[in-house]
Amino acid sequence: MEGEVFYPSQDAIANSYVRDWEALAESARKNLQGFWAERASELFWFKKWDKVLDDSNKPFYRWFDGGKVNIAYNCVDVHLQTFRKNKLALIWEAEDGKSERTFSYYALNREVCRMANIIKAMGIEKGDRVTIYMGRIPEIVFAMLACAKIGAIHSVIFGGFSVDALHERISDSESKLIITCDGSMQNGKLVELKRIVDESLRHCPTVENVIVVKRTGHEIPMEGGRDHWFHDLCALPIANGKCSTEVMDAEDPLFILYTSGSTGKPKAILHTHGGYMVGTYATLKYVFDVNDEDRFWCTADPGWITGHSYLVYGPFLNGATVFMFEGGPSYPYPNRWWQLIERFGITIFYTAPTAIRALMRFGEAWPNKHDLSSLRLLGSVGEPINPEAWKWFHHVIGKDRCPIMDTWWQTETGAFMITPTPVVPLKPGSGTRPFFGQEAEIVDEEGNPVPDGQEGFLLLKNPWPSMMRTIYKDPDRYIETYWKKYPGKYMTGDSARRDKDGYYWIIGRVDDVIKVSGHRLGTAEVESALITHPAVAESAAIGLPHEVKGQAIYCIVQLKPGFAPGEDLGEELRQHVAHHLGPIARPEEVSFIDKLPKTRSGKIMRRVLKARAQGLPEGDLSTLEE
């Protein structure tokens, strides 16, 4: 498979910001800081930085130190001073197709100011945390940009998470304000967001107010003094009028975003205004060649990093027209996305391998009903894309003329790390090479580089502007997780191999994180949810290959005395996990075992369980308890 190469067309080369990939890569290699300073200079700064990179306190790197900036100013305000003032910024379509909303950059500014005025009226100040828990509607974008505008730190939580996951994240961030909706629509079903918020707030003493956007209009409880309808607040004089943009230090926090870890509670990844802004702006510009004629659609939810970087911040920094759809790929029919591409003239389409694999199953007839000729670039994100799905995407959706930007990156990296640009020859399944200014390395357990073609641990060698700054309130865990094992190099937690042409092939996670449909879930979270069921004594969650989801969760459970295994109990436990963590975490299967395999120190050997489940050799069992 690795021998197959797809070369860029002359059109792709002629229209690309990067005509000569090798030359730009070489210049960034020779002068890393100069490369990033040049990218940063394309954006607006209230005061220019004193130092591009301060690495005096590694691994707590500081970028554009001394610079004064605000990412929201660069996403919205700067465009009001150009022809983009009246350009479409955001097009939104409801899941049922019955409502559509559009906003020019001028209107986007009005909505962001209104939301910012309301947030300020709730007593939120610079540095305060605001939790945003909503469906994919325009107000989630306004809320994120409004927080950034006034210097509050947003924590967006995916609307598919349930009570426990939401509660844990609100408590950890000590948010004072929640912004939510009455409910959201997913595959024709109502998701009771406000009721989930109510349940999660029973033990969250820091929360003072809840703003509720009306989306579905169904009956919900509203607690007097705490809960406020957004439309009522919008009618108040305080909501309307301009809102000044807070001047932020480049290193001031912009947001925290929770990502699942292999142990313990989810990690609160912290990103900052200056570096994150420069990283998302430059990567989107160069990788997707975004220009003023484009209509850019990233199908990710804003509750994940892809939604933050490439549905909200990156596109608006580039002055793009963003398309946002409330629903999923196949409701009510498997042509929903293709219908939208045709109807709205989408030119750049960025989605996940899971969605591509799911749509592949319905065959070519559905996409072939639609005119997809507006498309010029495709993109893949969230997990490695298998070559078969890559080729289907290229041939059936891109009609053999749209290059696929297969991007590898993480919540922690903030922006693309290994990715092609439209002028790079492509190999199905490979993210090609590191982005300009970055160098990657593949090493063995001891940190020695492995030969090309051999699998090992993927490390990043150079700091980059959009890198996470720390784990919120836990700097020791930041060092321990990412920097301790291979000092001076960032440990990605992924395994990969490099081929003879220097192309990287990501294989998957090496720790106990399961990627379901591109969403990261920690085994610890799933096991913690299971243990709250009265029948469960102990459990282990593992990820096994799944042809659509990439990986699916399988749980092996040891029952307490007095409980008998059976299909009904297995189904009850699946629903129990879904209730606690959300439908995305529902196990594919629950099986029962008399005793879990453990090391003598008591660590569950998930590796052994994975091997057994797949009928593979179990490997070295010398550390097993028995």
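**Legends to close-up views of the predicted protein chain**

**View 1. Contacts across the protein chain.** Among contacts (heavy atoms within 4.5 Å) in the protein chain between residues at least 6 apart in sequence, 71% join residues at least 24 apart. This is a predicted model, in which local features need pLDDT of at least 70 and side-chain atom pairs count only at pLDDT 80 or more, whereas totals for chains, interfaces and linings use all residues. Residues are numbered from 1 along each chain as its sequence is written, and side-chain values use heavy atoms, with hydrogens and water left out.

**View 2. Overall dimensions.** The C-alpha trace of the protein chain spans about 70 × 65 × 60 Å along its principal axes.

**View 3. The largest nonpolar core.** A nonpolar core is a set of buried Ala, Val, Leu, Ile, Met, Phe, Trp, Tyr and Cys residues joined through side-chain atoms within 4.5 Å; buried means under 20% relative accessible area with a 1.4 Å probe, protein chains only. The largest such core has 194 residues, and those with the most contacts inside it include Trp 45, Leu 145 and Phe 436. Helix α6 (residues 138-150) gives the most to this core, with 10 residues; helices are DSSP runs (H or I) of at least four residues, numbered from the N terminus.

**View 4. Surroundings of Leu 145.** Residues up to four places away in sequence not being counted, Leu 145 touches Ala 72, Cys 75, Val 76, Leu 108, Val 112, Val 312, Tyr 313 and Phe 316.

**View 5. A second core.** A separate core of 9 residues includes Ile 542, Leu 544, Ile 604 and Leu 609.

Terms used
Buried < 20%, exposed > 50% of the residue type's maximum accessible area, 1.4 Å probe, protein only. Helix = DSSP H or I, 4+ residues; strand = E, 2+ residues; numbered from the N terminus.
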